Every structure is written in C-alpha cells, then in structure tokens.
Amino acid sequence: MIIKPVVRNYMCFSAHPDGCRKNIIEQIDYVQSKKKIENGPKNVLIIGASTGYGMASRIVSAFGCNANTIGIFFERNAEEGRTASAGMYNTAHFEELSTKNGKKSWSINGDAFSNDIKNKTIALIKEKIGKIDAVIYSIASPKRTNPDTGEVFASTLKPIGKEYTTKTLNFSTGKIGDVTLPAATEEDIEKTIYVMGGEDWEMWIDALLKADVLDANATTVAYSYIGPVLTYPIYRDGTIGRAKEHLEKTAFSLTEKLAKINGRAFVSVNKALVTQASSAIPAVPLYISLLYKSMKEKNIHEDCIQQVYRLYSEHLYNGNTPKVDNEKRIRIDDWEMREDVQKEISAIWDQITDDNIRTFCDLDGYRKDFFRLFGFDVDGVDYEKDVDPTANITLI
Ligand code: NAD
C-alpha cells in the first residue's frame, strides 16, 4: 500500500509505519545520548502510552531508566484499505526496540476508563511483574464512558461566563481567521471535568492500591497545562482548565492515599506542543507557532521527549526532590513561560495577519510536527514505497 496523509478538520486519518518507526528511533536515540537516570523506576505503567507525552514517558522509562513498561492506549490496527493509527505503529516499533534492548513491555489496547481494562492491567501486573513502582497518567480524550452505567460523556473546549472570539490559525492554509466560541453551560463544565479531570486517575490508583500491586515508594504523575494569559479564556479559564484544576487537586488526595506505602503523587505542568490533542484547540496552533519561533531562536525549544527526560532526570529521580510551585505542581513549562518568551509573543499576537504570518510564526515547524505525528514528512522515509500497513504487535 502507498500511504499518503488524509487530513480533515485538524485530524489526519492515515499514518505511515516507516515514518512512525523513525520518530520512535529518534526519541530513543535522544534518550540514549543522555546520561542514564539513577534511582529510576523499574516497572512502569503508562496510561495513554501510544503518542505524545505518554509515548515519551514510555521511552524515557525503558531507555533512560531501564524499566519494564506496560502501556495502555486506545488505537486501531489496519483494516482493508485503511492504515493503523499512528499510536499503533509507534507501539509496535517501541515494543520491538525495547525488547531488543533487553526490557520487557506489554501493551493493552482498550478503554482505560473501563473497569475491564483496569482489571486486565492488574491481572497482568500480578502475573508478569508482581508490583509496579511508577504510574504515568497521560490520557487526552474527548469522551469518557461511565464504567458502571455505560453513559457516555463528551468534553468541550468552551469559555466560561461569556462567548469568546479569538484569532485562530488554519495551519493547512496558513490563513488567520476569527473563531467565536459560545459560553459553556454548567453541564458542559461538569462533563469536561468528568472526562479530563482527576477522577479516573484516582480510580486507577485506588484499584492498584486495593490489589496491592503498587510497590513501596511508588510515584504517580499526571500531566497538565496552564499556558499564557492570551489563551486563558479558551484554556485555563475555560472548561478544560476546570478539568485540569480538578486533576491538580486530585494529586493532593492521592498523596494522602499513597502515604501508607510511602508513595508520592504529582502533577507536572508541561510545555505546549503539537500533538493530536492540542491541534484541535482553537487559538492553540497559532500560539504554538509563535512559541516555536521564539523558543527555537533562543535555543530552548523542546519536544515531548526532552520535556519528559528533564522531568525524570531533574525532578522525579536521580536523587532529586521535585521542585514545585505554590500549588505543589512540577513546572517543566518553565522555559515556555519565561518572561522574554511570553513578552515577545504577546507583543506580536495582535499584529499577526495573513501577510506577515511567516515573519512571526514558525508555520513550517508547526506543520512539519503535525505531519510527523502520523509518520509523514519524516526525513529519509520513502513515501512512494509500497508498505505493509499492518502493525506488527501482540496486544494483551
Ligand atoms: P495525545 O493525543 O498525543 O495522547 C493521548 C493518549 O491517550 C494516546 O495514547 C491515546 O491512545 C490515549 N487515550 C485516549 N483515550 C483513551 C482511552 N479512553 N483509553 C485509553 N487510552 C486513551 O495527547 P498529549 O498531548 O500527549 O496529552 C497527554 C496529556 O498531556 C494530557 O493530559 C494533556 O492535557 C497533557 N498536556 C499536553 C500538552 C500539549 O501541548 N500537547 C501540554 C501540557 C500537558
């Protein structure tokens, strides 16, 4: 099959196995070029493990800490005339390379919000490893099915209080436009908290504690985002921000629950990056294009893999105590939020037009990163070659 990108509405519906393989190899090479992380975890469960921050966490765990990993994700394999999703290829390549490196890995494809997947995971831990010593929670999902009633709740990306009009970038055409988002209802807020807040993270930790599969001193981390004042109306002060506040508070109750095994729970606030989740948020692609330009010029740009390596090596392990802000959050968005970076972006924001976009924004960098998520536009890959679209993977 000759595979080309199929893009609609900020999503790409095809993926290229060879490009995904190169992306995984590059991330592994980065971690292997850095110092091994001391006192790292030995057996890590990553929930949301197939793309973005979750896959980077799996790679840093396996190749930076020499850990065995269990990855949970929701992906699809190839069917007649249709490629597998990028996360499926990423995982197949990760598993192969991690096994070659002498580390065990198990992958579970299914709905992490369900009781069934939690039970399956616990059974797997008991059978194969005994106990785990780190749990990374990295899910980004537009919906969540209540595990007991089967009711489906959808999250929304809406401002709270009043409607909001913002500049936005169509990165396919390179055109700037305005988008108006209606104010969220109370129900929108509640549903978004239900999907992207901390309840499911807490349910995972409760289930793992109850089954006695968390090792003494186990660490759990979930990922959050704050971002600049510019995107507050749609992000931090909007429905998704409420969910992130809930997630951040959940770290406090988990800290109490984990005290009995001397464990610890943190939220890490990460940098804005092009991932499947972030490209769908209005205003965020424009902000990220400006951010990339500013951070690349200052030589402080990072991708998920650099971010997670820094999280593990400077905060969680290597004998370090995590440095936290007033709300007890780890801030690896520190370089994104640097005053010089943010001042530059807010000074430019109002001046951006279709005519000057290439002067101020790293539009090409944004596009390249977007296509790379799906294994396209990766240097050295022959896109005219006939490839087998089946992801070669044994799923639990
Ligand atoms: P992503 O879209 O790349 O990855 C999401 C992962 O969740 C995938 O592995 C997917 O398979 C999995 N998933 C989704 N629904 C699932 C389900 N029901 N069951 C099992 N797995 C499921 O997203 P990302 O950008 O890496 O985001 C991960 C976390 O990092 C999110 O909490 C996000 O808010 C946070 N974060 C992202 C950014 C950013 O700019 N991308 C910045 C800071 C924090």
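Biologist: Why does Ala283 count as buried?

Modeller: The relative accessibility of Ala283 is 1%, and buried means under 20% relative accessible area, with exposed over 50% and partly exposed in between (1.4 Å probe, protein chains only), so Ala283 counts as buried. This is a predicted model, in which local features need pLDDT of at least 70 and side-chain atom pairs count only at pLDDT 80 or more, while totals for chains, interfaces and linings use all residues. Residues are numbered from 1 along each chain as its sequence is written, and side-chain values use heavy atoms, with hydrogens and water left out.

Biologist: What makes Asn299 count as buried or exposed?

Modeller: Asn299 has 72% relative accessibility and therefore counts as exposed. Asn299 sits in the loop between H8 and H9, and its phi, near 60 degrees, is also a positive value in a residue other than glycine.

Biologist: And why is Glu327 called partly exposed?

Modeller: Because the relative accessible area of Glu327 is 46%, it falls between the two limits for buried and exposed. Glu327 is in the loop between helix H9 (304-316) and strand E13 (330-331), and although 79 residues separate Glu327 from Glu248 in sequence, their C-alpha atoms are 8.4 Å apart in space.

Biologist: Why are H2 and H9 called oblique to each other?

Modeller: The axes of helix H2 (residues 52-64) and H9 come within 8 Å and cross at roughly 55 degrees. Angles under 35 degrees count as roughly parallel, over 145 as roughly antiparallel, 65 to 115 as roughly perpendicular and the rest as oblique, so H2 and H9 are oblique to each other. In H2, the residues that meet H9 include Tyr53, Ile59 and Val60, and among their partners in H9 are Ile305, Val308 and Tyr312, where contact means heavy atoms within 4.5 Å.

Biologist: How do you know that the buried residues of H12 line one face of the helix?

Modeller: The buried residues of helix H12 (residues 363-373) are Leu363, Gly365, Tyr366, Asp369, Phe370 and Leu373. Seen down the axis, they fall within an arc of 165 degrees, so they line one face of H12; the arc is that of the directions from the helix axis to the C-beta atoms. Their packing partners include helix H3 (86-100), H8 and H11.

Biologist: What puts the buried residues of H10 on the same side?

Modeller: In helix H10 (residues 339-349) the buried residues are Val341, Gln342, Ile345, Ile348 and Trp349. They cover an arc of only 135 degrees around the axis, which puts them on the same side of H10. Glu339 and Lys343 are exposed on the other side, while the buried residues pack against strand E9 (164-170), helix H8 (284-297) and helix H11 (357-360).

Methods: Helices (H or I, at least four residues) and strands (E, at least two) are DSSP runs, numbered from the N terminus. Axes are lines fitted to C-alpha atoms, for helices over the stretch in contact, and angles run from 0 to 180 degrees between N-to-C directions.
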